[in-house]
Structures are given as structure tokens and as C-alpha cells.
Amino acid sequence: MSRVVVLGAGIAGHTAASYLRTWLDKTHEVVVVSPQSNYNWVPSNIWLGLGLMTEEQVAFPLAPVYSKAGIRFEQARAVAIHPEGSADSAAPYVVVEKRIPGQSVERIPIPYDYLINATGPKLNFAATEGLGPGKHTVSVCTPDHATEAAKEFLALVERMKQGARCRFVVGTGHGQCTCQGAAFEYVVNLEFELRQHGVRDKAEVIFLTNEYELGDFGMDGAFIRRNGYITPTNIFTESVLAERDIWSITRAHVRKIEKGRVFYETLAGEEHELTFDMAMLLPPFAGVGLQAFDRAGEEITAKLFAPNGFMKVDADYTQKPYEQWKAADWPRTYQCPTYPNIFAAGIAFAPPHPISRPHTSPKGTPIFATAPRTGMPSATIGRVVARSIADKVTGKEGPLHAASMAELGAACVASSGSSLLKGTAASMTVFPIVPDYERYPKYGRDLKYTTGEIGLAGHWIKVILHYMFLYKARLHPGWRAIPE
Amino acid sequence: MSVQQVDGWKSGKESATVGEINTNVYATQPTRFTLFMRTFLPWQLWRFFSINLKMILLIGREKHLHK
């Protein structure tokens, strides 16, 4: 009997646990540890953040789903990994903090044979003074955050209906953010909703981003073949904003936020500030702060984790300049090099380096988009890691399964107006996510599979994906037939 | 790129120091025909089929690579 412990029940962790339960017979145990009681389909938080959906439409309780599937669920927060066990036993274990109703927090060890770290990101609002819910800006990173954002947005809409003029600032809240695609999707949806409410003429909408150019999206931009041209995503994205009269500020590191005022530094080293009535600014990501200890109880966190808190896996972490980055630097199996029974999936693994070219201001502030790990690759990595572990548990010989982001494509549908007849969405596919200039020397990607277009069809796809992926996550009959 | 000092220009708000804001006025803009086609149902049904096919081929290509 083997026990596989999955830390995290987001897209990567939930996918991995679901497949493991399918591929391993009931003599083996699958345990999911997550501080959240609900599964959240994060891409739909954009709609939640504008009052177009409710929390119940984008999230559901995990316990009944896992109970039915035969997965043990521990609602707890993982705090430490002991990969060598303790002085008494060589069996590896994780320590989790569990809140017992009416009592204090209890620390519980959970032994494992295989461990998947799919803890996702820590939303590092603290990196920027005044950033985040409860301070001066809103976010759409979690259902709670998005619900608060919707309340603030709708309150301002009411004020505008009374004649007030308002300024909305949407984008990234730090020079080292990722997920610009989510901020972009939010800003175009917000603009669409302002029009739907009949108050667009009373609003200024500004997209504030750490990207070097619009359309970078943390993947160094892309080229798409369209209407007889090979067009950079910069042109595509700028056009989407221009058409909607959304202004943009690029190459910006937000360093401080006060009530109604954002202070930012540009890549040129200039200091500026901007007033706002509502700001939705995404935080930078970090690892969740897991620690690691050896058998003697000495801390070995730096052996398992990069300084940013993400877990080191089979990537090439050698420091080298942008010109020497290669697709082969990116991990393939997500196995921890020091402890082969530990894997990391989704956002939890440490990328070898960003994908976008790094830039630093004259003051030494790094200002560029960091590497994204969106839902599609996260789920694929979760499945592949689960397959590797299932093979090991069942004694199948052969190499581990692989899913490098330099060999994975991604489909991204960014809604830009939620209406089944008048809405539109930007549908993009890229292949591969990490450009490979050895295989595709000129553009780094296969232009046959790197596409982008805007239209109502994209919105239909976005709506279908919302229901289809929630159906899959609920593990309803036939869920395995739905691809990641 | 169109760069302007715009703070307080349109919203009438208290003026603040603002750097380069790109109002994107020189960006590529869609024609009326393009805008019409974006929500023209027969064309969008075809695009729906086409985009889905592209995504399925993309997934198929990944699976082929990871065998």
C-alpha cells in the first residue's frame, strides 16, 4: 500500500489527485491537503469581479467530491516537509496545520510515499505598500477578492449614473508580476460593462502594466499569422485597447499605493503618480513558504526551494544571460532532484528563468513580466506527474512522463464582453509556451499553432469552457474525456 | 505611440504628476466590416468550429510529443 499526498487543490493539485485516484486501486491512498474548502475555477473570477457571476457559480465544496471519489481530504495548511523522516523513523512526512473548531491550530504529521507540491502561489500583496484587498486596491485572485471588487465597481457605476466621473486603473501592482493576461481580460470586460451600464463617457480606463510592450503576457510576446501579415501580439493588444479607448502605461513598477493614488517607477527611472477611484492591481507571486528539514531536524529549505519559495525540479537553474536561455532549460518531469519521490506541479515549481527579456531601471529595479503558468499547462503538468507516480507505485518500468512548457501549447480565451450575442473574446493559441529558437529559429514558435483573433465565437468558447471545466472538476461521469 | 500628460484632463480630478500614458490613437483599428464580422452569426459559427478544431489539434500535438 502506498500513500500519495497532494499539497494543494487548485487546478494542478486537483487534476493530479483525480487522475491518481483513477489510476491507483483502492489499496493505495490519495490524500489532498488544502487550506481552502472550495475548488475555484479561477479564470471565471473575471466575471465574478464585475458582478456578472456569483461565488457559487465559480466555486464548489471539495469535501463531497473527494468523499465520493475515495480521496482523503484534509482541510489544512502544509507548513513543512521532512523528506528524510525523523530521528525515530525514516518514513518521510509533511507537517500540516489544521484548525480544529473551538480549539487552537493543531500541527499534524502526514507520512507519504510520494508527494506532489501543488500549493500554487502566495499572493504577495506585501511586496507593494498599500496593495491589495483591505488596503487601497482590489483583486480578482480569489472568489472573496473578486466579490469585493464587484461591489466596489457597481458602487462606482451608481455614482457615475448620478453624474460623477471616475477613473479605473487595472493592471499589475509590482514590477515583477505575472498574469498580465488576467489583468488585460479584466480591463476589457470592465470597459464593456461600463458601456452596458451607459456610463462609459464618464469613465477613464487605464491599463498599467510592468510589461515592456503590451501583449508580452510574460511569454516574451508572440507572433501570429493574420490577414497576410505576421503580426506581433503587441500590435494585436494595442489595437484591442485603442478600439475601446483604454489608455495604457507600460514598463511600470508600482512601488506604493495610498488611498486613491498609485506611485510608480518607470523603466526609464522616472517617478510618477496617478489618481484613481478604483484600482484592480494584481500582486506578484511567491512560493507559499514551505520549509524543509532533514532527519536531524536541520533546515534544508534552500536545498528544495529557490529563494522565491518555489520548488526546485529538473530544470537548469544555472544563472545565464537572456541570449543563452534555451527551451531545454525548462523542466520536463517536475521531479525534485534531491528527493525523487517529491514532485512539484503547476505554479509551485520554480521556473529556471523568466520567459520575457529582463529589464532593470537605472535605479536597479527589475521591471518585466515573470513567467506565467496558466490553467492549461498547470493541469497538464498535474496529469503527467500523476501518471509518473502511478507508474512507480504500480511497478511499471520506464522513464518518467514529461510535459515541458517548451513542448506544451496553451489556448487562452480572454473574454472582452459578456453577452451571448454582442460579446466578444480574444482567442489565442501559442505553441510552444516557452519559445524554442532552435526548433523555430525566426519566431521561436510554430506559426501554424500560434494564432489570435477576436469575435463572438471566442466568447461562446469561454462560456462553454467555464461549464465544461467545472463539470470535469466535479468528477461527474465522463470527466476524463474532457482534455486539460 | 501617442503620449500625453493627461491626468485631470478628462476626469476633472485633482491634478497629479503623471508620466507617459499611451492613448493608443495611432494603433491599428478595425474597420466597420471587421467589427460587423465579429458578431455576424454565420461567420462566427464557422469561426467557432475552426478555433475549436485548432485547439483540438494543439492538444493532439502535445500528446504526440509526450508519448
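Which residue takes a positive phi just after α7(A)? The points below answer this and cover the rest of the model.

1. The model is predicted. Keep that in mind throughout.

2. Start with helix α7 of chain A, which spans residues 233–243. Its buried residues are A:T233, A:F236, A:T237, A:E238, A:V240, A:L241 and A:A242. A:D245 has a positive phi of about 55°.

3. Now look at the largest nonpolar core. It holds 162 residues. Six of them touch the most other members: A:V6, A:A16, A:V187, A:M311, A:A345 and A:V385. In soluble globular proteins, nonpolar side chains tend to be buried together.

4. Take A:A16 as a worked example. Leave out residues up to four places away in sequence, and A:A16 touches A:V6, A:I116, A:A118, A:A345, A:G382, A:R383, A:V385 and A:A386. Find these contacts in the structure.

5. Turn to chain B. Chain B has 67 residues, of which 19% count as buried. It contains 2 helices and 2 strands. Read from the N terminus, their order is β-β-α-α.

6. Last, the interface. Here 35 residues of chain B contact 45 residues of chain A. On the chain B side, the elements that give two or more residues are β2 (21–22) and α2 (41–65). The largest share, 12 residues, comes from α2(B). By type, this side of chain B divides into 12 nonpolar, 13 polar and 10 charged residues.

Technical notes. Residues are numbered from 1 along each chain as its sequence is written. Chains are lettered from A and ligands numbered from 1 in the order in which they are written. This is a predicted model: local features need pLDDT of at least 70, side-chain atom pairs count only at pLDDT 80 or more; totals for chains, interfaces and linings use all residues. Two residues are in contact if their C-beta atoms, placed from the backbone, lie within 7 Å. Helices (H or I, at least four residues) and strands (E, at least two) are DSSP runs, numbered from the N terminus. Ala, Val, Leu, Ile, Met, Phe, Trp, Tyr, Cys and Pro count as nonpolar, Asp, Glu, Lys and Arg as charged, and the others, Gly among them, as polar. A nonpolar core is a set of buried Ala, Val, Leu, Ile, Met, Phe, Trp, Tyr and Cys residues joined through C-beta atoms within 7 Å. A residue is buried if 20 or more other C-beta atoms lie within 10 Å of its own, exposed if 12 or fewer, and partly exposed in between; C-beta atoms are placed from the backbone.
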